[in-house]
Amino acid sequence: MSVDAAVPGAAPARTAEPDLETYLGDPHDPANPVGYPAVLAADERGELLAEGERALDGYGLNAEFVPRALGGRFDRADRLAQVMRAVFRRDTTLGVGYGVTTFIAATPVWTSGTAQQRRWMADLLLRHGKASAGYNELAHGTDFGRARLRARPAGDHFVVTGRKEMVGNLGRADAVTLFARTDDRPGSRSHSHLLLDMAALPAEHLRRLRRHRTAGVRGVLLGGLEFTDCPVPADAAVGDLGAAMETVLRAFQVTRGVLPGMAVGIVDTQLRTVLRFALDRRLYGLPVAELPHARTTLVDGFLDLLISDCLATVVARALHLLPEQTSVYSAAVKYLVPKLLQEAAHRLSVVLGARSYLRDGPYGIFQKNLRDLLAATLTHASAAVCQATIIPQLPRLAQQGWRSSPPPPPALFRLTGPLPPLDFGALGLSARGVDSLTATLRGYLAEPGADPVVGRLCRLFTAELDRLAEICADLPPRDRTVIAGRRSFELTDRYATVLAAASCLGVWRHNQDDPFLRDTPWLLAALSRLAGRLGVDPGAAPDGLERHLFVELLTRHQDNRGFDLVNRHLAG
Amino acid sequence: MSGTIQDTSVDAIRSWLVGRIAFYLQRPAEEIDADAPLVEIGLDSVYAMTLSGDVEERFDIEVEPTMAWDHPTVNALAGYLHGVLGSRG
């Protein structure tokens, strides 16, 4: 493979690191090429916003996906999610169709590629090239072990035959990370990754398949490719032959661990849109925001966003700090956060009323985001796939991990604290029954100065963990697998909820220098909300809790700050 | 260390493995063919990783979660584990 293969686009400026949120500008400005009016118009046309792609090229977004050691800006998984929120606040379609697709394709190369392959992919991305993740075959979906596209070794090259379908950017990518069968035997050692330089492949062996149209992220180019006896150089193999399954199990921890934190930006916009409406619109002589039901819904939405960000940020940091445990956490966050965000958006739609489905006007972005959120949930791994990843690990977690795991280092929760480099090779394929994140709950209860009200709520979650341990330790064999019954899937939901509670607790506990996060009311409200999700009565809320959070929400809105943990000033 | 002394002969490891696999497949132990690829008798990649966990708990050793991918039959696994257990000090 040629290291200096030509890729369209100019090299990015290597000056001071720009701020994407500021760069993308006021989303309400009709003259902004990546503002809501332009975004909505592109969605109506079912197109990826071309001006948006140019803008992201201009910023050099791909550099966010390239490790710093290779000349990019990727050195922290939590920061990547936060930077990408600027895109997801404006256009989920661009976030998925420009950003996530390339990130997913590049990560296996960072995980298992040779120095030359990593260099090639990095250069391609830094020149705004596009990479596509060639995994999906319609007949097999996420059942990767049965993927059929065949790469037959033949001397100094492979001969590739088969098709990949419904894959983002597959029809226009400069590089494709291809998941291919290199052995006919069934099992987990029969697949390999090939890194394809699309410009170098003979066109007569390739056929583009039709584009699939979607209800959400309508501009994303979901295409397919059919290979017929296509020669591919032997040095395209990423990692050892037969090692692709292992690479996937590592690389996807990173992608699944980071995506949910990006999607937090979608609901940030949903909440801001509905709040804007609720403050402008008067009913019964009051702004809608002052109606008790609307106010509760807005505050709940704010809490869901904070809870989602706590879990997303902590899991992203765990990729650096607890890589041997993230096989469980990355699946849990990819399962729970999109679900929480979707539920929050649906509840918020009630406040917006009929305007929640108007495709134009000042609140038009809401209906687009409502559709796009579904895609954010399904992209890369559906809820069920993530739950099925957790289920086989439940019995071992139940036998020991939930009772005796060591608590995590405080750095897991210190949002502004440094992180060690992300070591892809250290990501464990199994957590081996260890779960440090939930140990945060017991750890807090053992502290001498523990706040009694916080402690009472924490005990609800340790009790839940005890209940889960009892059930999971004795799961019947069929319920320990991907073909488990519904009960096992419900157990993962409850477990993920406990993980979210532990994340909130840790973020509160270890950011006592942050003027908002050190405040106990948000934590009490978040834990109560999560307890309610488990069907456990959290007890009466302290007086004025909702009003307190509503004032915070209004203040952030007036100051034009984000509703997430970052709490930063936004453009516009 | 768990403190329990396990019989680490190939036969003992084999019959323990057969017992685990029979449990997962809910079939009588006599029906488990020790030379058949695990994936062909119904143990997919996920079961294979679960089996690695069982081995770690039972013998108090650390093995690769992918152990059963590389030693894909009961007999191959029993031979591999016997070697690992025999060599631990």
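1. Helix 12 (residues 394–404) of chain A packs on helix 14 (residues 452–473) of chain A at about 140°, with their axes 7 Å apart; helices are DSSP runs of H or I, at least four residues, and axes are lines fitted to C-alpha atoms over the stretch in contact, with angles from 0 to 180 degrees between N-to-C directions. That angle makes helix 12 of chain A oblique to helix 14 of chain A, because angles under 35 degrees count as roughly parallel, over 145 as roughly antiparallel, 65 to 115 as roughly perpendicular and the rest as oblique.

2. This is a predicted model, with local features needing pLDDT of at least 70, side-chain atom pairs 80 or more, and totals for chains, interfaces and linings using all residues. Residues are numbered from 1 along each chain as its sequence is written, while chains are lettered from A and ligands numbered from 1 in written order.

3. Which residues of helix 12 of chain A are buried? They are A:Leu394, A:Pro395, A:Arg396, A:Leu397, A:Ala398, A:Gly401 and A:Trp402 (20 or more other C-beta atoms within 10 Å of a residue's own, C-beta atoms being placed from the backbone). Their packing partners include helix 13 (436–445) of chain A and helix 2 (45–59) of chain B.

4. Between the chains, 18 residues of chain A are in contact with 20 residues of chain B (C-beta atoms, placed from the backbone, within 7 Å).

5. Do look at A:Cys504: leaving aside neighbours within four places in sequence, its contacts are A:Ile307, A:Cys310, A:Leu523, A:Ala526 and A:Leu527.

Methods
Two residues are in contact if their C-beta atoms, placed from the backbone, lie within 7 Å. Helices (H or I, at least four residues) and strands (E, at least two) are DSSP runs, numbered from the N terminus. A residue is buried if 20 or more other C-beta atoms lie within 10 Å of its own, exposed if 12 or fewer, and partly exposed in between; C-beta atoms are placed from the backbone.
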